[in-house]
Amino acid sequence: MTGLLAVLLLVSLLYATTSLYVFAVSQPFVGPGWYNPYGDLPAAGRWQKANFHAHSIAWGGLTNGGQSAQDVVSAYAGMRYDIVGVSNYHSLSASEVTGTFPVYEQGWNVQKSHRLAIGGDKVVWRDYPLGQTAHQQQDIINRIRATGAVVALAHPAIRDGHSLADLRRLSGYDALEVLNHFVAPATAQWDAALSAGRAVWVLANDDSHDIHGAGETGVNWTLVHTPSSAAADVRLAIRAGRTIGVRGQRGQAHLQFLSQHITGDTLEVRVRGPVGRVTISGQDGVARNTVITDSAGIIIARAIARSDDGYLRTTVQGDSTSEGELLLLNPVVRWDGQALGAALATVDTSRTSALRWIAFCLYGAAFTSIRARQPRRVPRARPILT
């Protein structure tokens, strides 16, 4: 019983000592120009195939991982991945043992509000194990961000770990795991964030727990345009939006991205391969009228942004012969040439102080009540020596 009370006390202290935030205003991207993450790709870079979310045996088998870290890395190496991350929960030991890309999955809560910390060197242990409001989620985002890692919200649709309302309020996260083998593409969640002026970019990951499991490994990956697989270069590329989400089979896809340009308010995207459909979506994920032409095997898709479109993003689906292949391109977003999207949430110092003072008073009252209920010890009578 004492142990249970101690655990409950610790959990309550986590919530009592959280910070409360003033969230950035949720509004569409605005500005006279357009930011195109693929518009000026560095000449020194190339598209590298990456998976940032896979699990191996860890923590003595307590977490769900079927094979050793070396086996997981070998599986991805066999499919010619350039960047492999073994993202065990709250652990960087896999990257230290295998020499692979440093990444871990943060979150030990029942709500499945998990984050990927990409390219950092320090683990954030703190979490809120029961339900999480946007305030607690923002607190964890800020803590991971302070370590220098890229912050990506993992599988946001699972258990509503990051709801649509949360995604419209939160800030400071760099990317969203739109493709994950456990669930359907989280495009509604992505559009919610983008429509609220959050400049977050696409990630696609397997979230593999068993490299021999059907449909778990080599089905979703992120193309990152970077000069190297070094953590610093990868972090910079993700934060600039130089990523593409891909769905394929066994680490291979036939759809190929060629270019994305915007002139005035007209977006033009070029791709090659067994294309079945190209959709260009604007504000709130509403599809815009898209004109598609085929020029010598190159598919050209064009759409014109409406005045209320803060962004335009493109989805390329394979035809019936392509085994469900998919390309998710990062959007072009309106901007002023300086600030891209919403500002960061700031700590509401007065409300945070009030919360902690109330918690202090409640803990003090509870402690006093417990002390008062304890039976008083009656001193034993001492024998009188004569």
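The backbone oxygen of glycine 161 lies 2.6 Å from a polar atom of the side chain of serine 113, and such a polar contact is a pair of N or O atoms within 3.5 Å, where, within protein, one must be able to donate a hydrogen and the other to accept it, and residues adjacent in sequence count only if both atoms are side-chain atoms. The model is predicted, so local features need pLDDT of at least 70 and side-chain atom pairs count only at pLDDT 80 or more, while totals for chains, interfaces and linings use all residues. Residues are numbered from 1 along each chain as its sequence is written, and side-chain values use heavy atoms, with hydrogens and water left out.

**Serine 113**

- Serine 113 sits in the loop between β5 (103-106) and β6 (115-118), where strands (E, at least two residues) and helices (H or I, at least four residues) are DSSP runs numbered from the N terminus.
- Serine 113 counts as buried because its relative accessibility is 0%, buried being under 20% relative accessible area with a 1.4 Å probe and protein chains only.
- Leaving aside residues up to four places away in sequence, serine 113 touches Gln106, Gly107, Gln132, Gln137, Gly161 and His162, a contact being heavy atoms within 4.5 Å.

**Helix α2**

- In helix α2 (residues 69-78), the residues Ala69, Val72, Val73 and Tyr76 are buried.
- These residues lie on the same side of α2, because they cover an arc of only 95° around the axis, the arc being that of the directions from the helix axis to the C-beta atoms.
- The buried residues of α2 are covered by elements including β3 (46-51), β4 (83-84) and α3 (93-98).
- After α2 comes arginine 80, which has a positive phi, near 60°.

**Strand β11 and its partners**

- Of the 5 residues in strand β11 (residues 243-247), 4 are buried, which leaves the strand mostly covered.
- β11 pairs in the antiparallel sense with strand β10 (residues 220-226) over 5 bridges, two strands counting as paired if DSSP finds at least two bridges between them, and tryptophan 221 has valine 246 of β11 as its bridge partner.
- β11 is also joined by 4 bridges to strand β18 (residues 326-329), again antiparallel, with leucine 326 in β18 as the bridge partner of arginine 247.

**The four-stranded sheet**

- An open sheet is formed by 4 strands in the order β12-β13-β16-β15, with antiparallel pairing.
- Its edge strands, each pairing on one side only, are β12 (256-263) and β15 (291-295).
- Strands β13 (residues 266-272) and β16 (residues 298-304) pair over 7 bridges in the antiparallel sense, and valine 269 has alanine 301 in β16 as its bridge partner.

How values were computed:
Buried < 20%, exposed > 50% of the residue type's maximum accessible area, 1.4 Å probe, protein only.
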